[in-house]
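Student: Hi! Could you walk me through a structure I've just opened?

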Amino acid sequence: MNLGLNGKVALITGGSKGIGFVTALTLVKEGADVAICARNADHLHKAATSIKEETGREVLPIVADVTKEEDCKNAVEETVQHFGKINILVNNAGTSSANPFDQVDTELWKYDLDLKLFGAIHCSRYAVPYMRKERGGAIVNLTASMAKTPGASSLPTSVSRSAGMALTKAMSKDLGKDNIRVNTVCIGLIRSDQIEKMWQNNRPDLTWEEYSKEVGKNIPLGRIGNTQEAANVITFLVSEAASYVTGTAVNIDGGSASVL
Ligand SMILES: NC(=O)c1ccc[n+]([C@@H]2O[C@H](COP(=O)([O-])OP(=O)(O)OC[C@H]3O[C@@H](n4cnc5c(N)ncnc54)[C@H](OP(=O)(O)O)[C@@H]3O)[C@@H](O)[C@H]2O)c1
């Protein structure tokens, strides 16, 4: 299948690690020019160097904190200045934040919404006009399966993620006329730094395989997923192969969500 990604330009927020990093690598392998942004400059440069070593292709690292609107604007502008256009935006930056209601103070509510909801809103706001110039584009918002099935200790993330789903649907309806597709992927458990920390905090006595199997007792596919499995779905959604797919939420959770 031809993904039609050759010559496309993508910006991936939180592209220095985890799912964002592997998505960046996968898009580069498919022929796209890629910019990655995150806060930590060292991690960003390591990520860009590692992609260059593996593919021979330059990746543009941009230091940005997506909780700041100005940084979102700069990340988009730098991408366009460097590569001449932007076709793809992956709003991936985020971190786990799942607590019971009493343990979430106002500051944490606001931070989580700034990071996961307003980060996506601001990056999209600045990217969309450039996508219109290209007569189309594709946005994927990373959310979480908790967005559809909020649990007792899922705050504030399930709320920020539900808002991300609504944002995805509303934007897909509004921007369809501009041939800009907007989709979301609802992540369950994917092995990344934050999940490895969870493993080390909860069950340091187990090997990764044992831990994945233990946690996998509640997952139909029986294990925690890996970053490439998430990156593959994101890459498909931003590709020409998904040209009639918009306003959709795809679970990447090994079947664990109780809803479609
Ligand atoms: N892994 C899972 O099981 C899982 C489950 C549900 C949802 N998700 C969501 O999927 C996305 C990717 O998860 P992951 O596990 O791959 O994450 P990860 O390995 O922890 O990486 C997160 C990335 O986001 C960047 N980031 C964090 N805060 C940022 C900010 N304010 N501005 C810019 N960049 C920022 C980090 O770099 P810096 O720290 O240097 O900024 C890093 O590059 C996240 O949105 C996460 O919430 C993941």
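Predicted model: local features only at pLDDT ≥ 70, side-chain atom pairs only at ≥ 80, totals over all residues.

Student: Let's start with the ligand. Which residues are closest to it?

Tutor: The closest are S16, R39, N92, R161 and S192, out of 30 residues that surround the ligand.

Student: Which helices and strands supply at least two residues of the shell?

Tutor: Those are helix 1 (18-29), helix 4, strand 6 and helix 6 (193-202).

Student: Why does the ligand lie between domain 1 and domain 2?

Tutor: Both domains give residues to the shell around the ligand, so the ligand lies between them. Domain 1 covers 9-190 + 227-252, and domain 2 covers 191-224.

Student: What about polar atoms? Where does the backbone come within reach of a ligand oxygen?

Tutor: I190 is one such place: a backbone N or O atom of I190 is 2.8 Å from an oxygen atom of the ligand. G188 also has a backbone N or O atom by a ligand oxygen, at 3.5 Å. From a side chain, an N or O atom of Q194 lies 2.8 Å from an oxygen atom of the ligand.

Student: How much of the ligand does the protein bury?

Tutor: The protein buries 92% of the 890 Å² that the ligand exposes when taken alone.

Student: Switching topic: how many cavities of 30 Å³ or more does a search of the whole structure find?

Tutor: The search finds 1.

Student: OK, and the second largest pocket? What's its volume?

Tutor: The second largest pocket has a volume of about 190 Å³. K8, G136, G137, N179 and E240 lie nearest its centre, among 15 lining residues. By class, that pocket's lining divides into 4 nonpolar, 6 polar and 5 charged residues.

Student: Last topic, the backbone. Where's the cis peptide bond?

Tutor: The cis bond joins L155 and P156, with omega of about 5 degrees. P156 belongs to strand 7 (residues 155-156).

Student: And which residue has a positive phi although it is not a glycine?

Tutor: That's R135, with phi of about 60 degrees. R135 sits in the loop between helix 4 and strand 6, and those two elements also supply residues to the shell around the ligand.

Student: Great, thanks!

Key: Residues numbered from 1 in each chain as written. Heavy atoms only, no water. 1 Å grid on protein atoms, 1.4 Å probe; cavity = no way out; pocket = protein on both sides within 12 Å on 5 of 7 lines; lining within 4 Å. Points joined across faces, edges and corners; volume = space filled by probe spheres on them. Nonpolar A, V, L, I, M, F, W, Y, C, P; charged D, E, K, R; others polar. Near = heavy atom within 4 Å. Polar contact = N/O pair within 3.5 Å; in protein donor to acceptor, adjacent residues only side chain to side chain. Areas by Shrake-Rupley, 256 points an atom, 1.4 Å probe, with all protein chains shown as cover. Helix = DSSP H or I, 4+ residues; strand = E, 2+ residues; numbered from the N terminus. Domains from an automatic or database assignment.
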